[in-house]
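Please find below a colleague's note on the model under review.

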Amino acid sequence: MNASHYYLEATVASNISETSRVNTLVLRLSEELKIAPGQFLMVWRPGDGEIPITPSLTMGETLCLTIEKVGFTSSRLASLKPGEKVFLRGPYGNGFNLSLPGRYLLIGGGTGAASLTPSYLSLVRRGVETLFLVGARNRESLVYVRRLRELGAGFQVATDDGSEGFKGTLPEFFMEVSSRNRFENVLTIGPERMMVKIAEKCVEQGVSCQVSLVRIVRCGLGVCGSCVLDPLGLRVCVDGPVFHGEKILGSDFGRFMRDEAGRRVEVVQ
Ligand SMILES: Cc1cc2nc3c(=O)[nH]c(=O)nc-3n(C[C@H](O)[C@H](O)[C@H](O)COP(=O)(O)OP(=O)(O)OC[C@H]3O[C@@H](n4cnc5c(N)ncnc54)[C@H](O)[C@@H]3O)c2cc1C
Ligand code: FES
């Protein structure tokens with residue numbers, strides 16, 4: 001999809017609480033926005049700032065954004081009320097390659113479960129055999145599972161404390177599931193350390209693995225350098241956010257990122 005650098009106006013139709021830290025905004029757009037699964041939008045509210053968000057659902061002139069309150073802008077956006085407005089530019093980035101042959105395993109941690117939903121729906125609509133694993137620390141932190149049930153999605157749950165579904169982390173659940181089933185493709189969004197473990201296992205097993213990176217994205221246009229993955233020089237906003245795991249393992253993936261001031265800092269999650 002070609003990016004539009006003009007802002008599109010969107011009105012909040014409803015705001016759904018997912019967990020104490022995560023809300024889904026259902027937006028009505030002034031016109032339809034074509035966006036491929038895994039691409040992202042820059043979401044701006046004047047006075048509150050602008051952040052990158054991957055839509056959790058797109059349907060004609062309706063679009064959902066599932067937002068975790070981690071700082072000022074995300075908290076303000078996640079608290080918007082029906083009738084309030086936001087402005088969107090994009091779509092940006094490459095999105096997932098969903099045309100590779102074979103079966104797909106999707107693995108979403110935290111809000112990653114929401115961000116992977118458009119990919120899941122696109123695969124299932126084309127009749128591609130797909131399994132979706134979603135995970136969180138505990139039952140209360142699971143994101144988007146109500147909406148996935150409404151959509152009739154077949155998904156399986158893992159929680160670190162075993163309060164719902166498989167007891168353990170998503171990489172552990174992935175090992176368990178892949179010991180019983182063969183998948184040719186894995187797609188994952190979640191904490192980077194989780195994605196590194198999954199990408200390493202995929203390389204060992206000879207499975208194609210696409211990971212979607214979350215870095216500090218400011219311009220979204222490949223200009224400012226805040227999102228760079230060192231030492232490869234890859235910009236998450238234009239070269240990603242989706243990368244093939246084997247191409248970025250051994251780089252700063254899962255280990256270091258750039259902070260708001262451009263300093264190299266450890267990835268904490
Ligand atoms: C391509 C892409 C897609 C994204 N999609 C979603 C989504 O669908 N839903 C969602 O909830 N979030 C998503 N994010 C993450 C979201 O953009 C950030 O959480 C948001 O920018 C934080 O802004 P803030 O002003 O609220 O927090 P800030 O005040 O900027 O930051 C609060 C704290 O979080 C840290 N932080 C901020 N951004 C990041 C980051 N990217 N990685 C690690 N630490 C960070 C800061 O260092 C600070 O300590 C996405 C990010 C990218 C790059
Ligand atoms: S966000 Fe500016 S180069 Fe990627």
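The numbered points below begin with conventions and then turn to the structure.

1. The model is predicted: local features need pLDDT of at least 70, side-chain atom pairs count only at pLDDT 80 or more, and totals for chains, interfaces and linings use all residues. Residues are numbered from 1 along each chain as its sequence is written, chains are lettered from A and ligands numbered from 1 in the order in which they are written, and side-chain values use heavy atoms, leaving out hydrogens and water.

2. The protein chain holds seven helices and 18 strands (DSSP runs, H or I of at least four residues and E of at least two, numbered from the N terminus). Its radius of gyration is 17 Å, close to the 18 Å of the globule rule for 269 residues, so the chain is as compact as a globular protein of that length (taken over C-alpha atoms; the rule is 2.2 Å times the number of residues to the power 0.38).

3. Of the 269 residues in the protein chain, 52% are buried (under 20% relative accessible area, 1.4 Å probe, protein chains only).

4. Strand 8 (residues 104–109) is largely enclosed by the rest of the structure, because six of its six residues are buried. Tyr104, Leu106 and Gly108 point one way from strand 8, while Leu105, Ile107 and Gly109 point the other way.

5. Strand 8 runs parallel to strand 9 (residues 130–136), joined by six bridges, and pairs in the parallel sense with strand 12 (residues 185–189) over five bridges (pairing requires at least two DSSP bridges). Tyr104 has Thr130 as its bridge partner in strand 9 and Asn185 in strand 12.

Key
Buried < 20%, exposed > 50% of the residue type's maximum accessible area, 1.4 Å probe, protein only.
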